[in-house]
Amino acid sequence: MAIPVIDFSKINGTGEERAKTMAQIANGCEEWGFFQLMNHGIPEELLERVKKVCSEYFKLEREETFKNSTAAKTVSYLAGKKNGEKLENVDWEDVITLLDNNEWPSKTPGFKETMTEYRAELKKLAEKKDTSRRHSMMEKETVPSLVPRLATTHHVRIPELVNGLRAHTDAGGVILLFQDDEVGGLQILKDGQWIDVQPMKNTIVINTGDQIEVLSNGRYKSTWHRVLATPDRNRRSIASFYNPSLKATVAPAPALVVKDDEKINQTYPKFLFGDYMSVYAEQKVPS
Ligand SMILES: O=C(O)CCC(=O)C(=O)O
Ligand SMILES: [Fe+2]
């Protein structure tokens with residue numbers, strides 16, 4: 001079983017092709033919560049540059065620091081105490097978040113230019129998908145903002161002690177993930193089974209986060225996923241979070257809540273996205 005791969009160029013095709021693509025996306029959201037887009041319009045040449053600058057950045061500016069990080073030291077320390085037993089409450093990853101007002105890496109040639117270009121392309125893609133699928137469901141005040149987050153997950157040297165990235169659902173709206181096309185490890189939970197998100201060249205993995213589950217009143221699922229360690233290899237992944245603004249009120253779209261029908265009655269409360277994020281962030285902190 002493999003997650004759906006959708007040819008997104010067909011969204012610009014004939015009426016029939018467009019309708020078929022929309023149906024595939026709807027099915028991907030309803031049945032899987034995850035799918036891969038090919039022919040999404042982001043130039044392959046740009047994706048190659050993104051891979052290159054991210055790998056160079058990690059080698060040049062992060063690897064050494066990560067080895068000496070509190071997380072790495074804690075893992076080694078706890079590992080010693082637990083006699084090689086797996087450590088459950090740790091995410092073994094090095095993450096930086098790229099936001100306009102954060103300090104961007106400066107030593108890696110071309111990093112900022114390439115990632116800025118990539119972000120602009122992703123925004124176009126996210127908005128295209130948004131218009132094609134979700135606009136009618138979004139409340140007016142849920143102004144989306146794109147928050148690219150570059151995550152590099154490490155499994156080097158001690159993969160037997162840590163799993164990788166713990167199982168979780170994503171808190172935000174729509175997530176666009178450019179995962180490593182060689183080193184796998186990302187898995188989703190479907191019908192009680194962990195299924196690989198197969199590495200593929202030049203695809204973007206899309207998944208719907210908790211806010212879409214709420215907005216869609218449970219029709220689109222926020223799927224549990226995790227990353228498993230691969231011995232002696234680093235996995236590079238760039239996850240971009242297309243989220244509501246922190247002040248946005250999130251609630252099921254009224255059109256999807258049918259009051260008299262028990263089965264699709266409102267099952268989600270109304271809340272501020274910022275409040276949701278605070279609770280989520282507290283839960284993510286390794287214990
Ligand atoms: O590393 C990956 O591919 C997955 C990252 C992820 O699930 C996350 O950042 O929420
Ligand atoms: Fe995630």
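Reader: Which residue in S10 is the bridge partner of Gln187?

Author: Strands of a sheet pair through backbone hydrogen bonds, either parallel or antiparallel. Here, in a predicted model, Gln187 has Arg226 as its bridge partner in S10. Strand names come from DSSP runs, numbered from the N terminus (strands are E, at least two residues; helices are H or I, at least four). S7 (residues 186-190) and S10 (residues 225-228) run antiparallel and are joined by 3 bridges; for two strands to count as paired, DSSP must find at least two bridges between them.

Reader: And what stands opposite Gln187 in S8?

Author: That's Asp196. S7 and S8 pair in the antiparallel sense over 4 bridges. Their hairpin has 2 residues between the strands, and Asp191 takes a positive phi near 50 degrees there.

Reader: In what order do the strands of this open sheet come?

Author: S5-S10-S7-S8, with antiparallel pairing. S5 (164-168) and S8 (193-196) stand at the edges with a single partner strand each, so one side of each has no neighbour in the sheet.

Reader: How is S2 paired, parallel or antiparallel, with S1?

Author: Parallel, over 3 bridges, with S1 covering residues 5-7. Val5 has Gln36 as its bridge partner in S2. S2 also runs antiparallel to S9 (residues 204-208), joined by 4 bridges, and Phe35 is partnered with Ile206 there.

Reader: Why is S2 called largely enclosed?

Author: Because 4 of the 5 residues of S2 (residues 34-38) are buried. Buried means 20 or more other C-beta atoms within 10 Å of the residue's own, exposed means 12 or fewer, and partly exposed is in between, with C-beta atoms placed from the backbone.

Reader: Which residues have the most contacts inside the largest nonpolar core?

Author: In soluble globular proteins, nonpolar side chains tend to be buried together. The largest core here has 48 residues, and those with the most contacts inside it include Phe34, Val50 and Leu177. A core is a set of buried Ala, Val, Leu, Ile, Met, Phe, Trp, Tyr and Cys residues joined through C-beta atoms within 7 Å.

Reader: Where does pLDDT stay under 50?

Author: Over residues 135-143. pLDDT is the predictor's confidence in each residue, from 0 to 100. Where it is low, the predicted coordinates should not be read in detail. The protein's mean is 84.

Reader: What about numbering and thresholds?

Author: Residues are numbered from 1 along each chain as its sequence is written, while chains are lettered from A and ligands numbered from 1 in the order in which they are written. In this predicted model, local features need pLDDT of at least 70 and side-chain atom pairs count only at pLDDT 80 or more, whereas totals for chains, interfaces and linings use all residues.

Terms used
Contact = placed C-beta atoms within 7 Å.
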